[in-house]
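Please examine the model shown here before reading the report.

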Amino acid sequence: MTILTLLDYAAAIVFAASGAMVASRAQLDIVGFAFIACLTAVGGGTVRDVLLDRNPVFWMGDPMPILLATGVAVLVFFTAHLVESRLRWVVWLDTFALAIAVPAGAGAAMELGHGPVIVVLMGMATGSLGGLMRDVVCNEVPLVLTQGELYISCAMAGAITAVVMVWFGLPAGPALLGCAGVTWVTRAGSLAFGWHLPVYRPRPPRS
Amino acid sequence: MTILTLLDYAAAIVFAASGAMVASRAQLDIVGFAFIACLTAVGGGTVRDVLLDRNPVFWMGDPMPILLATGVAVLVFFTAHLVESRLRWVVWLDTFALAIAVPAGAGAAMELGHGPVIVVLMGMATGSLGGLMRDVVCNEVPLVLTQGELYISCAMAGAITAVVMVWFGLPAGPALLGCAGVTWVTRAGSLAFGWHLPVYRPRPPRS
Amino acid sequence: MTILTLLDYAAAIVFAASGAMVASRAQLDIVGFAFIACLTAVGGGTVRDVLLDRNPVFWMGDPMPILLATGVAVLVFFTAHLVESRLRWVVWLDTFALAIAVPAGAGAAMELGHGPVIVVLMGMATGSLGGLMRDVVCNEVPLVLTQGELYISCAMAGAITAVVMVWFGLPAGPALLGCAGVTWVTRAGSLAFGWHLPVYRPRPPRS
């Protein structure tokens, strides 16, 4: 099992948990939980694989991520009521999923020999699109677009870290670890301490 | 013409009718009707073909499903005002489309020799994603996520039926027929008699 | 550099500007601007390339459209407050992007030898899906579905123009120019003079 496979498994588990938490807010049944969990778990990686023309898509060659996501969904269905604030859980689980999915995306693009722009974009896409699909399908305001919080920026910072570390001659393993670290620290710092970039402030009316 | 082609045609017609009904609720013009009808008609099968790397995508090799969907859209544009309750029609047309699209998806995955997990997932994806795209684009609450109704569960039950029948040695034809039957009966039963799985009931506040 | 590459670059720039304007309405930060700008810029063309199985997807072989879109996003971030009515700008920029993207899509399908139905559909998809993704992700009402305005119809009229001109023996260059012209004139006429097709008028209640 390679490091990329492991990252895909781990992202599937954590994204599935965040997806199942969103399903609990929408009060779906157990199959709905599994559907949203699987969509969130493999959505970003699927777009990555289709764009990179990796065949087969990671969960079609090996359905383990789907089985893991389904298992997590069942677990959350029976335990989510024990949790005090489910929105808080969604948001924090999502930080970990982001920090795992970004290196999974960047690593897959590197392995295929793509240049730095594509590596960064694949990291960002893998990290953000699963959660984006989850939120669009469930009619939640996309986390990706939360005002005054870092999200896509963390994915970009993480992916750029990986590119720079590889450019300085480090092997893929530590570079992806650095990518995960930078992604998580910036995202968690944004949530905990309010770190953010200046947002656009309109002056004339929006019409 | 194979059974899969026939299923794709039939799903295109019925999904197109449901898409055109949603377009009538959004009061679009005739080209908008055709656009939403085509999106609904071929959306799920397109995702299936892209994921399964079937080339070309079914409606690119043979544009008949697009022509059928467009014809249906034109027909609905001129006749939908004759219909009493258009939402009811959307919902019931959708049951038939689901019951045709699930075997179309499961059958395509079987034909390519995929394992049971992928067969079930392709059935579910083909059945639900066209309708999901229709609802997301038209800003309707996705039918897929209706609380206290079976929807994805019917797709899953149908696809599992096909897998089990093939596993017991039955040929693909009857297995796909069984799949369609189980999908439709469970979905129609849910609409007519309120069949449902227990939904998630939160106890603490959602925050 | 071929005419198709040029069209892809131009569409990327103008769609990126419209995407960044929508980001300014959502008050995102600078990375959010770049994300929405890139999604809008390459979304339609990406779907086109995945469906046509063109490998690699245009911006993966040559990341220039991404760099252009990012540059435009940065520019808009620092200048959008100078603009009086941002929604008006979104709508008008979008007319140009549509008029460039439709020939880009139709041309790509022609180059691969596809028939008229697929050429028209690829023109429509490339023209409308980037803007559709922008609006769905940013929770705006999709421009594509605006009541009583031409939008998809302009893409269809333009793409059909290209098909007809090629069928009359004209070379691809003038045909794509004609396509762009018809698309822009019909869309701009709809905005400026209220040109529209009759929309569906329900008689019984929608239920």
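The report below treats two residues of one chain and an annotation on another.

The structure is a predicted model.

## Thr40 of chain B

Thr40(B) belongs to helix H2 of chain B, which spans residues 30-51. Thr40(B) has a relative accessibility of 0%, and it counts as buried because buried means under 20% relative accessible area.

The side chain of Thr40(B) comes to 2.7 Å from the backbone oxygen of Ile36(B). Apart from neighbours within four places in sequence, the contacts of Thr40(B) are Phe15(B), Ser18(B), Gly19(B), Gly130(B), Gly131(B) and Arg134(B).

## Val137 of chain B

Val137(B) lies in helix H6 of chain B, residues 116-137. With a relative accessible area of 7%, Val137(B) is also buried.

When residues up to four places away in sequence are not counted, Val137(B) touches Ile36(B) and Leu39(B) in chain B, together with Leu132(C), Pro142(C) and Leu145(C) in chain C. Ala69(B) is 68 residues from Val137(B) along the chain, and the C-alpha atoms of the two are separated by 17 Å.

## The annotated domain of chain A

An unreviewed UniProt entry carries the annotation "domain: Glycine transporter" for residues 6-80 and 92-165 of chain A.

Residues 6-80 of chain A are 83% helix and 0% strand, with end C-alpha atoms 26 Å apart. For residues 92-165 of chain A, the content is 76% helix and 0% strand, and the end C-alpha atoms lie 27 Å apart.

Technical notes
Residues are numbered from 1 along each chain as its sequence is written. Chains are lettered from A and ligands numbered from 1 in the order in which they are written. This is a predicted model: local features need pLDDT of at least 70, side-chain atom pairs count only at pLDDT 80 or more; totals for chains, interfaces and linings use all residues. Side-chain values use heavy atoms; hydrogens and water are left out. Helices (H or I, at least four residues) and strands (E, at least two) are DSSP runs, numbered from the N terminus. Buried means under 20% relative accessible area, exposed over 50%, partly exposed in between (1.4 Å probe, protein chains only). A polar contact is a pair of N or O atoms within 3.5 Å; within protein, one must be able to donate a hydrogen and the other to accept it, and residues adjacent in sequence count only if both atoms are side-chain atoms. Contact means heavy atoms within 4.5 Å. UniProt positions are given in the numbering used here, feature names are shortened, and annotations may be inferred rather than shown by experiment.
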